[in-house]
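Please look through the model below before reading my remarks. They are written as numbered points, and each can be checked against the display.

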Amino acid sequence: MPTAERYLRSGKVRDLFELPDGRLLLVASDRISAFDVVLPTEIPDKGRVLTGLSRFWFDETAAIVPNHLLATDPGPDPDLRGRVMICRPTEVIPIEAVVRGYLAGSGWAAYRATGAVCGIALPEGLRESDRLPAPIFTPATKADLGEHDENIDFDTMAASVGGEIAARIRELALRLYTHAAAATERAGILLADTKFEFGVDRATGELLLIDEALTPDSSRFWDAATYRPGGAQASYDKQFVRDWLLAQPWDRTAPGPALPEDVVAGTRDRYVQAFETITGASFDRYLAEDVIAR
């Protein structure tokens, strides 16, 4: 891996560098955020789960939309094994491309209040966690660190980024969700919802899938075997952390409470199980060899 020449910035999870040849280096940390706050406690190997799953899905979905991933060589630093993505530089489109196949989270809250999600009217009488008649595209603003994403309707998105590119992102996000939801369901996991990010290649003008894809940080993964609509579901994502935080006397401002050991261990177990169930690969082998294989 080339030596990073210039540090650019850090997000909630990833640190971003520019390489001497202009490519970008993304390094996934073990930081975890909840309610848009980066918590003081890390989850061991979380960054490797996110990177490994993103690598898997970038390969799986390349026929639907090209992505920014070029290489994953960690170089001589063992701490970077399984955490690195070397990527094409893009102009990031400041929209979270959210797709929902089930009614949960902020979508459930909006439905209870208005009967709609991001301007999309839904049938009456739906329960929490119900499967929707068809997946819906429900974009959100892409907030800066420490700020909150805001759900918006498609017309607001189109006014912000342009109608043609908004329509293209909606089409691609729905295709990506449909493809991934079918794949995860075959593996025993329901993809309740997920968010994608897109950027435009600075050299070619090509629209690319960027950042991460279909990870426990960006998705709600539910256990298909225990799925029962009408309430919250057992999940393989950071809802486990959110649930613990909701029971604490915390005002959702930084730095947030430290996580106890059992919550850290339980979260890591859920992330690793998601990796292994979805990819069919051994996480221990990924840690040892930086390959996604059984």
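This is a predicted model: local features need pLDDT of at least 70, side-chain atom pairs count only at pLDDT 80 or more; totals for chains, interfaces and linings use all residues.

1. Residues are numbered from 1 along each chain as its sequence is written, and side-chain values use heavy atoms, with hydrogens and water left out.

2. The largest nonpolar core has 68 residues, and those with the most contacts inside it are W57, F196, F198 and L259. Such a core is a set of buried Ala, Val, Leu, Ile, Met, Phe, Trp, Tyr and Cys residues joined through side-chain atoms within 4.5 Å, where buried means under 20% relative accessible area, exposed over 50%, and partly exposed in between (1.4 Å probe, protein chains only). Helix α4 (residues 163–186) gives the largest share of this core, nine residues; helices (H or I, at least four residues) and strands (E, at least two) are DSSP runs, numbered from the N terminus. Apart from this core lies another, of nine residues, among them L103, W108, Y111 and L122.

3. Leaving aside residues up to four places away in sequence, F196 touches I95, E96, A97, V99, A173, L176, Y177, L209 and L214, a contact being heavy atoms within 4.5 Å. T184 lies in helix α4 and counts as buried, at 1% relative accessibility. With the neighbours up to four places away again not counted, T184 touches W57, I189, L190, L191 and I278.

4. Two packed helices are described by the angle between their axes and the distance between the axes. The axes are lines fitted to C-alpha atoms, for helices over the stretch in contact, and the angles run from 0 to 180 degrees between N-to-C directions. Angles under 35 degrees count as roughly parallel, over 145 as roughly antiparallel, 65 to 115 as roughly perpendicular and the rest as oblique.

5. How are α1 and α6 oriented to each other? Helix α1 (residues 46–60) packs with helix α6 (residues 261–279) at an angle of about 20 degrees, their axes being 9 Å apart, and the two are therefore roughly parallel. K46, V49, L50, G52, L53, F56 and W57 of α1 make the contact with Y271, V272, F275, I278 and T279 of α6. These residues divide into nine nonpolar, two polar and one charged, where Ala, Val, Leu, Ile, Met, Phe, Trp, Tyr, Cys and Pro count as nonpolar, Asp, Glu, Lys and Arg as charged, and the others, Gly among them, as polar.

6. Helix α5 (residues 239–246) and α6 have axes that come within 9 Å and cross at roughly 155 degrees, and they are therefore roughly antiparallel to each other. The contact joins F240, V241 and W244 of α5 to D262, V263, G266, T267 and R270 of α6.

7. The axes of helix α3 (residues 154–161) and α4 come within 7 Å, crossing at roughly 130 degrees, and the pair is therefore oblique. Here F154, M157, A158 and V161 in α3 meet G163, I165, A166, A167, I169 and R170 in α4.

8. Some backbone details deserve a careful look. The peptide bond from A254 to P255 is cis, with omega near 10 degrees, and P255 is placed in the loop between α5 and α6. C118, a residue other than glycine, has a positive phi, near 55 degrees, and is buried, with a relative accessible area of 14%.
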